[in-house]
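Please keep the sequence and the model in view while reading.

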Amino acid sequence: MTSDVVARVERGAFPSIDHIHLSRLAAAGAVDGARAIGMAGKWVLLVVSKGHEWVLTATRSKSPRGFAKVETLLGYLRELDVPQLDVDVGTAANVAVKTRRREDRSEALRALWDADIKEARSDPRPQIAHADVLARSQARWAADLDEEAKSKQKPRSR
């Protein structure tokens, strides 16, 4: 049954529906639910209404619209107020689960951070204390505020 549905979607045996028509059906309350089918690295949506099924297609290309994650698909259906989503777990193996390699990324970021610190410490320019920078900035801000207050108090000439 599961592989039959995937094969039927692949050969275009289901009629298609695009986002515009799906949103109109959903607004009218005519969508009974949807099925998520995993195929070719993505989740494809079958829309169910009054016993009929349509494949959600991209508006321009008319090819089945794919969602990388079931969560994205669920959010899309929530926006349309579709009452039910059935996930065909038999086809989930067709969608590759992307894993993150946090250890590798962490090591790369650590190396970049260490290089930046080394570069900053080897900078020959004189260092300015934080307190000096803060004092200069506060003096500039105070001068700007005084200038702004003076410009508001000047009477306008006619």
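1. The model is predicted, so local features need pLDDT of at least 70 and side-chain atom pairs count only at pLDDT 80 or more, while totals for chains, interfaces and linings use all residues. Residues are numbered from 1 along each chain as its sequence is written, and side-chain values use heavy atoms, with hydrogens and water left out.

2. Helix H3 spans residues 70–80, and its buried residues are Leu73, Tyr76, Leu77 and Leu80. They lie on the same side of H3, because the arc they cover around the axis is only 95°. Buried denotes under 20% relative accessible area, exposed over 50%, and partly exposed in between (1.4 Å probe, protein chains only). The arc is taken from the directions from the helix axis to the C-beta atoms.

3. Glu71, Arg78 and Glu79 are exposed residues on the face of H3 turned away from the buried side.

4. The buried residues of H3 pack against several elements, including helix H2 (19–27), strand E3 (42–49) and strand E5 (66–67). Contact here means heavy atoms within 4.5 Å.

5. Tyr76 is buried at a relative accessible area of 9%, and Phe67 is buried at 4%. The charged end of Arg65 sits over the ring of Tyr76, 4.8 Å from its centre; the rule asks for NZ of Lys or CZ of Arg within 6 Å of the ring centre and within 35 degrees of the ring normal.

6. After H3 comes Asp81, with a positive phi near 65°.

Note on methods. Helix = DSSP H or I, 4+ residues; strand = E, 2+ residues; numbered from the N terminus.
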